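Please study the sequence and the structure before working through each solution.

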Amino acid sequence: MRSTKIKLSVACAAVSLVALSAAWSTGAGAAGPVGSGTASATKSVCGLGTGKKATGKPIKIGGIDMLIPGVDFTTIGKIASAYFRCVNDNGGINGRPIKYILYNEQLNPTQQASLAKKLVESDKVVGIVGNTSFTECGTNWKYYKSKGFTVIGAGVQAECFGTPTYVESNMGPRYSNIGAAQALVKRGAKSLMVASPDTISAYADGGVLKVAAAAGIKGQAFPIKLPITDANSTILQLVQAAGDGGGVILDFTPDSAPALMQAAIAQGLVDKVLWGSSTPIANEFMAKQFPQFDGKMHINQEFGNITDGSPDEVLYSQITKKYAPKIALQAFGQMGFMDAKFATQALLSISGPITAASYNTAVRNLKNVKTSMLCKPWYVGKNLAYHIPSNWDITVTYKAGKVVTEDKCFAIQAVDPQLTQTRAWEKQFKLNTGK
């Protein structure tokens, strides 16, 4: 069983408060909508923002990320680690540093269960943060529930958004695909074809089919086995099924999507259909690599535009540059940043001893958590049957090597009853009022 363990050292150089407090360019404020273009008067810092290193007894937090051929989710945990390192260099949790323990899993349920048990029972972590996998939520949610843990992560499968154990910073592929489908319908798509990894296709693609049905157009899902071995045939099949003026949605990470996009370019198919995508390819590396898709790839971006100059986007960029300089700025990094930010807020809210019980209670008490990365405040909420706190986002596209906003904050179409219920809970319990 391969695993990676990251320990945060309190000996790291402190992030300069001057750097962290630099003037922000125009963008969404912490209390304002993502992509609003309004100037922000709020500045973001790591934890206490004192510039003093934490030297007390470490607080243990753990996480599990998937790493398989064609998909690397470890960026999420690595950026969560970077955020915690910044917290440790800025006062920690009232003087105590965070020790983040991150394990990698290879889409193996036995391994997933073993690692969860190791974190809770052997490593004795007080919380689980940054988990991301195709199947780990389904494997471990009952175990975490039995131990009183509420996991802050970045979800993929249905159980990440349909059980009380997990609360995610993202909306996951199903809702991101729905947002991409909305963008294509808005632009006149005559059909909606969606392709996702076969491991998650049934859940991830189902919402697109509901959007298609609501719009009165053809919808079809294409489960794709990873790693992709024949991108040319795959992309040709999708375009032919969509027909001229139809829509094709790609739901893949930057590890797999480039082969499909290059195949579309090579076969002259870019202008045959309308193109959409879920969040992962919304980054400048992809924009620079595929100028042929400028203004033609409509990407559902679950978070604010990385270069919008808003407080948390700037802080995310600064943290990445200092603590994880080999990792490109991307949506997975935004997820890790928010996971760690939300966990840090929970830790700082605890007035007594920090234990697994007190930390997880603090997590469940979180609501109206403001971040400029999201259209609305984030929350957990007590005793909810499931959590979908991120259900508004934006549409972006490529332009001259940049990622630019096309559609400002909009509500993901409530084609699932779970979204309707979620918005009722939000109103009932005042979970994301932003006031």
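**Exercise 1.** Determine whether Cys409 is buried or partly exposed.

*Solution.* The classes are buried (under 20% relative accessible area), exposed (over 50%) and partly exposed in between, with a 1.4 Å probe and protein chains only. Cys409 has 22% relative accessibility, so Cys409 counts as partly exposed. The model is predicted: local features need pLDDT of at least 70, side-chain atom pairs count only at pLDDT 80 or more, and totals for chains, interfaces and linings use all residues. Residues are numbered from 1 along each chain as its sequence is written, and side-chain values use heavy atoms, with hydrogens and water left out.

**Exercise 2.** Identify the partner of Cys409 and describe the link.

*Solution.* A disulfide is a pair of cysteine sulfur atoms within 2.5 Å. Cys409 is joined to Cys375, with an S to S distance of 2.2 Å. The torsion about this S-S bond is -90°, and the link is left-handed. Cys375, at 12% relative accessible area, is buried.

**Exercise 3.** State how many disulfides the whole structure holds, and examine the one that joins Cys46.

*Solution.* The search finds 3 disulfides. Cys46 is bonded to Cys86, S to S 1.9 Å. The torsion about their S-S bond is about 85°, so this disulfide is right-handed. Cys46 is buried at 0% relative accessibility, and Cys86 is likewise buried at 0%.

**Exercise 4.** Find the handedness of the disulfide of Cys137 and Cys160.

*Solution.* The sulfur atoms of Cys137 and Cys160 are 2.1 Å apart. The torsion is about 105°, so the disulfide is right-handed.
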